[in-house]
Amino acid sequence: MSHVVKKRKLDKTRQDRLYFDSYTDVTIHEEMIADHVRTNTYRMAILNNSESIRGKVVLDVGAGTGVLSMFCVQAGARKVYAVEACSIAEQAVNIVKQNNMEDKIEVIRGTVETVDLPEKVEVIVSEWMGYALLHESMLNSVLYARDKWLKPGGIILPHKAELYIAPVSDPVVEDRLNFWYTVKDQYGVDMSCMSDFARGCIMNSDITVNSVHGEDVLSHPTRFAELDLHTVTVEELRSVKGKFNFESFGSAAVNAFCVFFTVTFPCPDKPLPLVLSTSPFKPETHWKQAVLYLDAPVDVVQDTLVTGEISMFPSEESARHICIHVDYTIGEQKRQSKTFSIPDWSSGAQS
């Protein structure tokens, strides 16, 4: 019998403090800037939009170390307001000075909901995406900035986000479950009864952030949601949902779904927009993929249908945490449902 601990709902101030505190250490900033796909795509997108940025005023929401603000100056921005709520803003000030950009970039310590800018802006840039796109709900802050500070006709970088889902077969999970059947041959002790316990521990209700290999994806991914950052509302983000329909590539055991996202940047002078993708078929990013493990694997063969609906919504305990609910049918099996959530940032959340 599982032991369920009732989680206490965190007040918004505590939610925000936990969130901003997680960005005070160097490690997370090192990870983000070292993510070449992420950082270089933003750099190329900003430089490709130099005609829209040159001589304009830019707002960088959640500026962190200020790297995007500096890309904007390189693209010709007249002024950049780099708004950052956590103490890394102090390092951003130093980096701006080191690059002789203090006359162009003003680092402002605070949340975008509380700071007061001296003027409206023509451009908003932000790297707001969390795991499964919406974890941390920073997009809400970008939308607030859009509604309060962006001039009519202004641009948002990126301007569109899309969410995808695909069925997968995770071989590592199968190996870990099978491990308990191998103990007897190695040590003469039968531990196969541990398999069910291991399955419950591994294939739980956590949203697992992990790398999925393209060869383990069992069907063409389905896009289930698209967000236009010029028009989407905070209210609409409270329930982002869609349907999916897959046909299996071949014989395998489906033991999870994976969710990933893309964001798109306009490129006025290019035939195609620039896309930052976290797909398993593209180079890995620090976002990896969000893996949702089923309670038990289900065998499929060529063209087995996998259908269902997926919805994403804020956790009741902390609005910055994302939950994902999946209703699904695999082949002839009856419909199943499971709700997933990302574990708390810290055990202190329960104190």
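**Strands 13 and 14.** I looked up the pairing of strand 13 (residues 305-314) with strand 14 (residues 322-330) and found nine bridges, with the strands running antiparallel. The model is a predicted one: local features need pLDDT of at least 70, side-chain atom pairs count only at pLDDT 80 or more, and totals for chains, interfaces and linings use all residues. I number residues from 1 along each chain as its sequence is written, and side-chain values use heavy atoms, with hydrogens and water left out. Strands here are DSSP runs (E, at least two residues), as are helices (H or I, at least four), numbered from the N terminus. Two strands count as paired if DSSP finds at least two bridges between them.

I then picked out single partners. Glutamate 309 has aspartate 327 in strand 14 as its bridge partner. Proline 314 is partnered by isoleucine 322, also in strand 14.

I traced an open sheet of four strands in the order 9-13-14-15, with antiparallel pairing. Strand 9 (240-247) and strand 15 (336-341) are the edges, and each pairs on one side only. Neighbouring strands are turned by 20° against each other on average, direction ignored. For that angle, axes are lines fitted to C-alpha atoms (for helices over the stretch in contact), and angles between N-to-C directions run from 0 to 180 degrees. Strand 9 meets strand 13 over eight bridges, in the antiparallel sense. Within that pairing, valine 240 has methionine 312 of strand 13 as its partner. As background, strands of a sheet pair through backbone hydrogen bonds, either parallel or antiparallel.

**Salt bridges.** My criterion was a side-chain nitrogen of Lys or Arg within 4 Å of a carboxyl oxygen of Asp or Glu. The count came to 11 salt bridges.

Lysine 338 and aspartate 295 meet at 2.8 Å, N to O. Lysine 338 is in strand 15 and aspartate 295 in strand 12 (residues 289-300), so this pair ties together parts 43 residues apart in sequence. Lysine 338 is buried, at 7% relative accessibility. Aspartate 295 is partly exposed, at 47%.

Arginine 223 and glutamate 162 meet at 2.5 Å, N to O. Arginine 223 sits in strand 8 (residues 222-228) and glutamate 162 in strand 6 (residues 160-168), 61 residues apart. Glutamate 162 is buried at 7%, while arginine 223 is partly exposed at 44%. Glu226 joins Glu162 and Arg223 in a network of salt bridges.

Lysine 151 bridges to glutamate 122, with the closest N and O atoms 3.4 Å apart. Lysine 151 belongs to strand 5 (residues 150-157) and glutamate 122 to strand 4 (residues 121-125), 29 residues apart. Lysine 151 is partly exposed, at 35%.

I checked the UniProt record, an unreviewed entry, which places "domain: Methyltransferase" at residues 58-154. Such annotations may be inferred rather than shown by experiment; positions follow the numbering used here, and feature names are shortened. Over residues 58-154 I read 31% helix and 26% strand, with the end C-alpha atoms 10 Å apart.

Terms used:
Buried means under 20% relative accessible area, exposed over 50%, partly exposed in between (1.4 Å probe, protein chains only).
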